[in-house]
Amino acid sequence: QVQPVESGGGLVQAGGSLRLSCVASGRTFSNSMGWFRQAPGKEREFVAIINWSGGRTVYADSVKGRFTISRDNTKSTVYLEMNSLKPEDTAVYSCAASGRSWTVVAHTPRDADFGSWGQGTQVTVSS
């Protein structure tokens, strides 16, 4: 499997917006895809997941209403639109694919059900 490649991170002021992209290919992209994040000194946490068709999504409570996950299968790309950013959103954001069924990954999203991790992209939100 080919590792996904994330981009779009950067430094933004609180209240601002960023759009992250994750390009994957082949079998890696032919699955449910997820965004996770890890802040310094903290464990990696779930942010959002999307199923193969893009018709189903699940969000962490901390980002619900502010972040939107989407995918363009013609471009093998998953996006994370982030609005109303807060300093606590500062983290390295990574995308990954899951070979598990949607029912499983959506019930309790966790990084253990995902593989083929990208290197991540840094998002820093200043206050």
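## Fold and aromatic cluster

Read along the sequence, the protein chain of this predicted model runs β-β-β-β-β-β-β-β-β-α-β. That comes to one helix and 10 strands (DSSP runs, with helices being H or I of at least four residues and strands E of at least two, numbered from the N terminus).

Residues are numbered from 1 along each chain as its sequence is written. Local features need pLDDT of at least 70, side-chain atom pairs count only at pLDDT 80 or more, totals for chains, interfaces and linings use all residues, and side-chain values use heavy atoms, without hydrogens and water.

The C-alpha trace spans about 40 × 25 × 25 Å along its principal axes. Of the 127 residues, 45% count as buried (under 20% relative accessible area, 1.4 Å probe, protein chains only).

A search of the whole structure finds three aromatic pairs (ring centres of Phe, Tyr or Trp, the last by its six-membered ring, within 6.5 Å; planes under 30 degrees apart are stacked, over 60 edge-to-face, the rest tilted). Two of them are listed here.

| Pair | Centre to centre | Angle between planes | Type |
|---|---|---|---|
| Phenylalanine 36 and phenylalanine 46 | 6.1 Å | 65 degrees | edge-to-face |
| Phenylalanine 36 and tryptophan 117 | 5.1 Å | 70 degrees | edge-to-face |

Phenylalanine 36 lies in strand β4 and tryptophan 117 in the loop between α1 (102-107) and β10 (121-126), so this pair ties together parts 81 residues apart in sequence. Phenylalanine 36 is buried, at 1% relative accessible area. Tryptophan 117 counts as buried at 16%. Phenylalanine 46 is buried too. Phe36, Phe46, Phe114 and Trp117 form one aromatic cluster.

Note on methods
Buried means under 20% relative accessible area, exposed over 50%, partly exposed in between (1.4 Å probe, protein chains only).
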